[in-house]
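Q: I'd like to learn how to read charged pairs and nonpolar cores in a model. Can we go through one together?

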Amino acid sequence: MHEMSVAQNIIDIVSQHLPEENSHSVQSVAIKIGKMAGIVPDSLEFGFQVLAAETPGMEKAVLQMEFTSLVIHCGQCKKDFEIDDPFFICPECTNANVKILSGTELQVTEIEIDDSPKENL
Ligand SMILES: [Zn+2]
């Protein structure tokens with residue numbers, strides 16, 4: 001299950017950012033997922049909850065997912081387009097010479113720890 005390893009990845013990243021003392025508990029973890037990252041949100045949330053439950057300091061962590069659109073750049077008319085469907089053809093000139101600018105990323109953007117201020121990554 002692909003989402004399980006992604007969830008583990010997120011937990012690892014969060015763990016690295018936790019303060020040394022074990023008295024902190026993570027409230028929420030915000031991530032950005034590209035629509036093209038191939039992630040099933042429900043599966044990722046499930047995987048995250050399973051792994052967080054057995055990770056000290058993360059038992060109560062909630063995963064907040066934000067989806068980013070797919071953005072392509074046309075090599076022909078040199079414009080950027082935000083598209084909803086993965087048709088890698090320029091919507092304007094129907095050229096197939098397009099490059100994916102964003103939409104495949106997965107990024108931890110924010111970790112909220114109990115009473116301490118939010119840490120922006
Ligand atoms: Zn074009």
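Q: Is lysine 79 buried, exposed or partly exposed?
A: This is a predicted model, so keep that in mind. Lysine 79 is partly exposed, with a relative accessible area of 38%.

Q: Which residue does lysine 79 form a salt bridge with?
A: The general idea first: side chains of opposite charge can pair when their charged atoms come close. Here the partner is glutamate 92, with the closest N and O atoms 2.4 Å apart. Glutamate 92 sits in the loop between β4 and β5, and lysine 79 in the loop between β3 (70–74) and β4, so the pair ties together parts that are 13 residues apart in sequence. Glutamate 92 is partly exposed as well, at 47%.

Q: How many salt bridges does a search of the whole structure find?
A: Two. In the other one, the side chains of lysine 35 and aspartate 84 meet at 3.2 Å, N to O. That pair links distant parts of the chain, 49 residues apart: lysine 35 is in the loop between β1 (26–34) and α2 (41–53), aspartate 84 in the loop between β4 (80–83) and β5 (98–102). Aspartate 84 counts as exposed because its relative accessibility is 59%.

Q: What about the largest nonpolar core: how many residues has it?
A: In soluble globular proteins, nonpolar side chains tend to be buried together. In this model the largest such core has 20 residues, and Ile10, Val29 and Phe48 are among those with the most contacts inside it. α1 gives the most, five residues. Phenylalanine 48 touches residues including Ala7, Ile10, Val29 and Met58. A second, separate core has seven residues, including Leu70 and Cys90.

Definitions and conventions:
Residues numbered from 1 in each chain as written. Predicted model: local features only at pLDDT ≥ 70, side-chain atom pairs only at ≥ 80, totals over all residues. Heavy atoms only, no water. Salt bridge = Lys/Arg side-chain N within 4 Å of Asp/Glu carboxyl O. Helix = DSSP H or I, 4+ residues; strand = E, 2+ residues; numbered from the N terminus. Buried < 20%, exposed > 50% of the residue type's maximum accessible area, 1.4 Å probe, protein only. Core = buried A, V, L, I, M, F, W, Y, C linked by side-chain atoms within 4.5 Å. Contact = heavy atoms within 4.5 Å. Lists of a residue's contacts leave out its neighbours within four places in sequence.
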